[in-house]
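The following exercises concern a predicted model. Please examine the sequence and the structure before reading each solution.

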Amino acid sequence: MVEANSCGTPVVAYATGSLPEVIKQGINGYTVGYKDYIGAANKVEKIIAMDEKEREALFKSSYTESLKYDWDKTAREYYDILRAI
């Protein structure tokens, strides 16, 4: 999911596990209830039906959200936590 966002691709995923914490509705994708195939299809159709300006904004915000999960940033945060211990 983060890899898709890093390519500017919004994600449609089930609202399970940590996904609802990472996917922000309408910012970098959408979540739907587990096994809600119709809901997932509707979200994909929503993205396809967006006008060009709205879709470009979603793609850009998807990429921007992915930057929060940069490997170097994550490694620095772990390093800081371990040093504090």
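**Exercise 1.** Determine which residues of helix H3 are exposed and which are buried.

*Solution.* Begin with the exposed side: Tyr37, Ile38, Glu45, Ile48 and Ala49 are exposed on H3. Finally, consider the geometry: H3 spans residues 37-49, and its 13 residues reach 18 Å from the first C-alpha to the last, close to the 18 Å expected at 1.5 Å a residue.

**Exercise 2.** Identify the residues linked in a network of salt bridges, and state the accessibility of each.

*Solution.* Apply the cut-off of 4 Å between a side-chain nitrogen of Lys or Arg and a carboxyl oxygen of Asp or Glu. The count comes to two salt bridges. In one, Lys24 pairs with Glu65, with the closest N and O atoms 3.4 Å apart. This pair links distant parts of the chain, since Lys24 lies in the loop between helix H2 (19-22) and E2, whereas Glu65 lies in helix H4, 41 residues apart. Glu65 also forms a salt bridge with Lys68, at 3.2 Å between the closest N and O atoms. Glu65 counts as buried at 10% relative accessibility, because buried means under 20%. Lys24, at 29%, is partly exposed, as is Lys68, at 40%.

Notes: Residues are numbered from 1 along each chain as its sequence is written. This is a predicted model: local features need pLDDT of at least 70, side-chain atom pairs count only at pLDDT 80 or more; totals for chains, interfaces and linings use all residues. Side-chain values use heavy atoms; hydrogens and water are left out. Helices (H or I, at least four residues) and strands (E, at least two) are DSSP runs, numbered from the N terminus. The expected span of a helix is 1.5 Å times one less than its number of residues. Buried means under 20% relative accessible area, exposed over 50%, partly exposed in between (1.4 Å probe, protein chains only).
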